[in-house]
Each structure stands twice: as C-alpha cells, then as structure tokens.
Amino acid sequence: MSVTPSADSPDEPQTVAAVLDELAVLAVRRLSVQGDLSLTAATTLSYLHRNGPQRLSVLAARQAVTQPSMTQLVQRLEREGLVCRAVDDLDGRAVRVSVTDAGRALLAERRRRRRERLTEMLGTLSPGELRELTRVAGEFLPLLLRLLQGTADE
C-alpha cells in the first residue's frame, strides 16, 4: 500500500481516507468474479435483501442512476429470476421490487466465493502476520462500521 498513516500528522484524516479508499478499490478489484453481476446489480440485490421490497424510484436514488436505467437493470434481473416486481399496495401506479430466492442464493454464493478467496489470500501470510492482522482487524472493524453506519441509511 502506498499510503501509510503516521501518528500526530496534521493531514491524518486525509491520509486515513486515502488508505480506506485504496482498500475499497483493491477489495472490489481482487474479490470480483469476471462475468459476475455488475457492481450496481450486486448492490441493488444486496439492498433489496437487507431492506425488503422497494420502489424503483428508491432503488434508482440509492444507486445514483436514472429511473430508466434502474428500470432496465430490474428488467434484466427479473429475466434472470433474481428479482420480481409487483404493484405497490398503497399506490397502484408504482412498482415494488423484491429479491427472489434465486437472488438470495446468488448473494450467498458470491459471499462464499469472496470469503474463500480471502481465506486463500490470508493463507499466504506467516502465522505472526495473520495474528497481527487479526488483532488490527478486531480494532478496525468496529470503527469502520461506526463510520459507515450513517451512510448506510442515506
């Protein structure tokens, strides 16, 4: 990693931001499977899995895409059997999208493959390196989750 945070640096927030950014980019690149779902499709499925059926307008806003783009994505996911659409009970003009059992199974398989790949990568570390990474991760994860919790609901 090219960015190393140092204690008591006046640029510490920017340095940590750069490290987190690099970590995110590397994770997406190294753990994505060629020919798999697009990032937008995967995050849309995950959002539906976590939050239940949603209107197309909500999904488009969450993914920062236009409503026609989200409509096309949902149509493709529906053709693949990963989501289904139904008329909104409260507003007959609106459509609510939900993840199907096949969509949930695909998400579980993607998670399994990512963890398998990470396990392989961790296997290249020495026992001491793995212990140190485990210790740091135990401290890092709660902080990161707290930081990201606010953005998860936006």
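**Note on salt bridges and a nonpolar surface patch**

1. Arg93 counts as exposed, at 75% relative accessibility (buried means under 20% relative accessible area, exposed over 50%, and partly exposed in between, with a 1.4 Å probe and protein chains only). The model is predicted: local features need pLDDT of at least 70, side-chain atom pairs count only at pLDDT 80 or more, and totals for chains, interfaces and linings use all residues. Residues are numbered from 1 along each chain as its sequence is written, and side-chain values use heavy atoms, with hydrogens and water left out.

2. Arg93 has a salt-bridge partner in Asp91, with 3.0 Å from N to O. The term denotes a side-chain nitrogen of Lys or Arg within 4 Å of a carboxyl oxygen of Asp or Glu. Asp91 is buried, its relative accessible area being 17%, whereas Arg93 is exposed.

3. How many salt bridges does the structure hold? The number is eleven. One of them links the side chains of Arg85 and Glu78, again with an N to O value of 3.0 Å. Both residues are partly exposed: Arg85 has a relative accessible area of 33%, and Glu78 has a relative accessibility of 29%.

4. A further salt bridge joins Asp101 to Arg104, whose closest N and O atoms are 2.6 Å apart. How are these two residues placed in helix 5? Asp101 and Arg104 are three residues apart in this helix (residues 101-122), so about one helical turn separates them. Helices (H or I, at least four residues) are DSSP runs, numbered from the N terminus. Asp101 is exposed at 59% relative accessibility, while Arg104 is partly exposed at 33%.

5. Which residues form the nonpolar patch on the surface? Leu118, Leu122, Leu130 and Leu133 do, and together they have about 290 Å² of accessible area (Shrake-Rupley method, 1.4 Å probe; for residues, only the protein chains shown count as cover). Patches are made of residues with over 30% relative accessible area and no salt bridge; like charges are joined within 9 Å, and nonpolar side chains (Val, Leu, Ile, Met, Phe, Trp, Tyr) within 5 Å.

6. At least two residues of the nonpolar patch come from helix 5, and at least two from helix 6 (127-152). Leu118 lies in helix 5. This leucine, Leu118, is partly exposed, at 36% relative accessibility.
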